[in-house]
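Please walk through this structure with me, starting at the sheet and ending at a pair of helices.

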Amino acid sequence: MAEHRDSHGNDVHTRFSDTDADIDIPAASVLNEQGASPYLLICEHATNFMPEKFARLGLSEADIEAHIAWDPGAAEVARRMSKALDATLVEAGLSRLLIDCNRPLSAPDLIPEISEFTVVPGNHNLSEAARQERIALSHKPFHEKIEAVIEARKQRGQESRLITIHSYTPVYKGVGRPWEIGIIYDSDDRLGAKMIAGLRKDSEESGVSVGVNQPYSPDDRVYYTVECHARKRGDLCAMVEIRNNEIADEEGQALWAARLAAILQEIETDYSITP
């Protein structure tokens, strides 16, 4: 695993390697914790890292580098947005193949036995003890960290407009996905609708296709983090999905981060939406 410091000086753990020692990897890392922005960014699928003890769950290194293990490009976009907005960012520290932090504990794909067409041998026939170990390793502390961040912000009178950042594949199970970006939200559209309006205005020049509750919707159980930490409080919230070929390099990551940050900054001064 490579380690580097991000633009805020925080340690960021990235990418899986056969040579990694079993070191203590945080389930969640908080970047720019004292950021002044009302936006709170979350990246649940920031990394494909797994401790060596899991032996890649029986998968090849190519599988671990693929989208099934993480959301490529999402963390890089989120970090750039964090810097542009002066926003706090919470990132997960372990691969979603170990346990998906954006799923309820009751979800059948919480610990996926198959991801798209790839069978995950190390997730089959898990004992209850092994399942609880995964929850304690990643899912529980990740969500506890988000709660702690929100509560600290609340104590200092700071709003938390929660936005989760994801990426998705251009084709899933043989079906193409024509949208370059999707915004996901439920019946509370105060933030999501404004983001879609901003993206559509931008698309008049860029030609970008914007999906509304595409390629997923809350009915697909992908809205868990938002539901868990924002909806229960009545906070403004939305989920961002960017097609991963759009953010496969630094140029694309910078473009989408700047585009989204500009839209969010404009929304921040729009007092027609209320917390």
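Two strands pair if DSSP finds at least two bridges between them. Helices (H or I, at least four residues) and strands (E, at least two) are DSSP runs, numbered from the N terminus. This is a predicted model, in which local features need pLDDT of at least 70, side-chain atom pairs count only at pLDDT 80 or more, and totals for chains, interfaces and linings use all residues. Residues are numbered from 1 along each chain as its sequence is written, and side-chain values use heavy atoms, with hydrogens and water left out.

Start with the sheet. It is open and has 7 strands, in the order E3-E5-E4-E8-E13-E11-E12, with mixed pairing. E3 and E12 (210-212) are the edge strands, each pairing on one side only. Neighbouring strands of this sheet are turned by 20 degrees against each other on average, direction ignored. Axes here are lines fitted to C-alpha atoms, for helices over the stretch in contact, and angles run from 0 to 180 degrees between N-to-C directions. Helix H3 (residues 128-155) packs on the sheet and touches E3, E4, E5 and E8. The direction of H3 makes about 170 degrees with that of E5. Contact means heavy atoms within 4.5 Å.

Now look at E5, residues 88-92. Is this strand buried or exposed? It is mostly covered, with 5 of its 5 residues buried. Buried means under 20% relative accessible area, exposed over 50%, and partly exposed in between (1.4 Å probe, protein chains only). Thr 88, Val 90 and Ala 92 point one way from E5, while Leu 89 and Glu 91 point the other way.

Strands of a sheet pair through backbone hydrogen bonds, either parallel or antiparallel. E3 (residues 28-31) runs antiparallel to E5, joined by 4 bridges. Ser 29 stands opposite Glu 91 in E5. E4 (residues 39-43) runs parallel to E5, also through 4 bridges. Here Cys 43 has Glu 91 of E5 as its bridge partner. Parallel pairing also links E4 to E8 (residues 161-168), with 4 bridges. Ile 42 is partnered by Thr 164 in E8.

H4 (residues 192-206) and H6 (residues 250-268) pack at an angle of about 130 degrees, with their axes 10 Å apart. That makes H4 oblique to H6, because angles under 35 degrees count as roughly parallel, over 145 as roughly antiparallel, 65 to 115 as roughly perpendicular and the rest as oblique. Residues making the contact include Met 195 and Leu 199 of H4 and Trp 256 and Ile 263 of H6.
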